[in-house]
Amino acid sequence: MRSYLDFEKPVAELEAKLEELRAMAAQGDAVAIGDDIARLEAKAQDALIQLYANLSPWQKTQVARHPLRPHFSDYARELFEEFDPLAGDRKFGDDHAILGGFARFRGRPVCLIGQEKGSTTETRIKHNFGMARPEGYRKAVRLMELADRFALPVISLVDTAGAFPGLDAEERGQAEAIARSTDACLSLGVPNVAVIIGEGGSGGAIAIATANRVLMLEHSIYSVISPEGAASILWRDTAKAQEAAVNMKITAQDLLRFHVIDSVISEPPGGAHRDPQAAITSAGDAIEAALGEMEGLDAAALRKARREKFLAIGRNL
């Protein structure tokens with residue numbers, strides 16, 4: 001069954017009527033109500049397009065968190081071949097919130113890293129809702145160092161509310177692990193491309209998203225803290241999360257305007273969850289184009305460009 005967000009109620013009502021007409025057509029004379037079905041289909045599609053063309057930052061936050069939005073495992077399955085995941089950080093253990101390994105992307109060998117939120121209750125618990133502990137970031141560092149050694153581009157798919165805030169994570173050096181992962185991104189002598197496919201939250205995101213090219217899906221978000229967290233700190237009231245989302249400038253469109261990211265990847269009408277395959281294909285095309293822009297650059301040029309890119313963010317803002 002399709003899951004509707006609160007603001008999608010007008011579209012939900014139209015599509016409910018459409019399903020009723022289709023059921024009637026299946027039981028009776030389809031020709032007699034065929035025109036009604038066609039008109040309602042067009043009306044529902046137009047309503048969906050208009051609605052998604054004018055989403056508020058808070059509505060985009062809801063879309064970015066949609067449970068049916070494609071996750072890392074979907075991208076890994078559809079875009080990459082021969083994906084061989086590696087486990088463990090060689091220091092403490094394995095973290096299932098960050099997955100990574102080596103694969104082929106449209107014919108070229110690459111290193112693939114990303115957060116997996118899970119799509120069922122069981123997998124969400126297994127992957128800790130995409131919130132990694134220190135060993136997840138140390139695994140990412142290990143993979144990036146291997147990619148650098150074998151001259152393989154690094155592709156990161158970011159989808160996390162943030163790093164896991166638990167006591168055990170802090171005891172094992174969460175902040176240090178995030179910092180070292182960010183440094184590993186900056187030190188790479190190979191091209192790296194990061195795509196925000198859902199939520200890009202706090203240091204948990206930047207740890208694998210400090211890339212030569214940072215791309216965002218049209219209805220994804222990227223922020224230093226969640227809107228709820230910002231509202232709790234600024235106003236001591238999580239009910240003001242909508243106001244925080246507006247003021248924080250967390251949408252792809254705002255971040256492109258501020259030159260924090262490099263490009264926005266269009267999503268199908270109604271968001272990536274309505275047509276996951278189309279969204280995944282668009283992301284693949286954008287990744288391929290970004291890698292193509294860096295063809296022929298040596299390690300020194302890649303490091304310099306990456307450094308200047310992130311220094312420029314602070315200077316411009």
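Reader: In which helix is the place of V246?
Author: V246 lies in helix α11, where a helix is a DSSP run of H or I with at least four residues, a strand is a run of E with at least two, and numbering starts at the N terminus. The model is predicted, with local features requiring pLDDT of at least 70 and side-chain atom pairs pLDDT 80 or more, while totals for chains, interfaces and linings use all residues. Residues are numbered from 1 along each chain as its sequence is written, and side-chain values use heavy atoms, without hydrogens and water.

Reader: Why does V246 count as partly exposed?
Author: Its relative accessibility is 40%. Buried means under 20% relative accessible area and exposed over 50%, with partly exposed in between (1.4 Å probe, protein chains only), so V246 is partly exposed at 40%. The C-alpha atom of V246 is separated by 15 Å from that of S232, 14 residues apart along the chain.

Reader: What makes α3 roughly perpendicular to α11?
Author: The axes of α3 (residues 57-64) and α11 (residues 241-248) cross at roughly 100 degrees and come within 8 Å. That angle makes α3 roughly perpendicular to α11. The axes are lines fitted to C-alpha atoms over the stretch in contact, with angles from 0 to 180 degrees between N-to-C directions. Under 35 degrees is roughly parallel, over 145 roughly antiparallel, 65 to 115 roughly perpendicular, and the rest oblique.

Reader: Which residues of α3 and α11 meet?
Author: From α3 they are P57, W58 and T61, and from α11 they are A241, Q242, A245 and V246; contact means heavy atoms within 4.5 Å. Five residues of this contact are nonpolar, two are polar and none is charged. Nonpolar covers Ala, Val, Leu, Ile, Met, Phe, Trp, Tyr, Cys and Pro, charged covers Asp, Glu, Lys and Arg, and the others, Gly among them, are polar.

Reader: How do you know that β3 is largely enclosed by the rest of the structure?
Author: Six of the eight residues of β3 (residues 108-115) are buried, so the strand is largely enclosed. Six of the eight residues of β2 are buried too, and β2 is mostly covered. In β6 (residues 213-217), four of the five residues are buried, so β6 is also largely enclosed by the rest of the structure.

Reader: How many bridges join β2 to β3?
Author: Eight bridges join β2 (residues 98-105) to β3, and the two run antiparallel; strands pair if DSSP finds at least two bridges between them. I98 stands opposite Q115, and F102 has C111 as its bridge partner. The two strands form a hairpin with two residues between them, and R106 in the turn has a positive phi of about 50 degrees.

Reader: Which way do β3 and β4 run, parallel or antiparallel?
Author: β3 and β4 (residues 154-160) run parallel, joined by four bridges, and L112 stands opposite I155. By contrast, β1 (residues 80-85) runs antiparallel to β2, also with four bridges, and E81 has R104 as its bridge partner. β5 (residues 192-201) and β6 pair in the parallel sense over four bridges, with I196 partnered by M216.

Reader: Which residues touch the most other members of the largest nonpolar core?
Author: Of its 37 residues, they are I113, M144, V154, Y222 and I261. Helix α6 (residues 134-149) supplies the largest share, seven residues. Such a core is a set of buried Ala, Val, Leu, Ile, Met, Phe, Trp, Tyr and Cys residues joined through side-chain atoms within 4.5 Å. Beyond its neighbours within four places in sequence, I113 has contacts including F72, L143, M144, V154 and I208. A second, separate core has 27 residues, among them A103, V193, A283 and L291.
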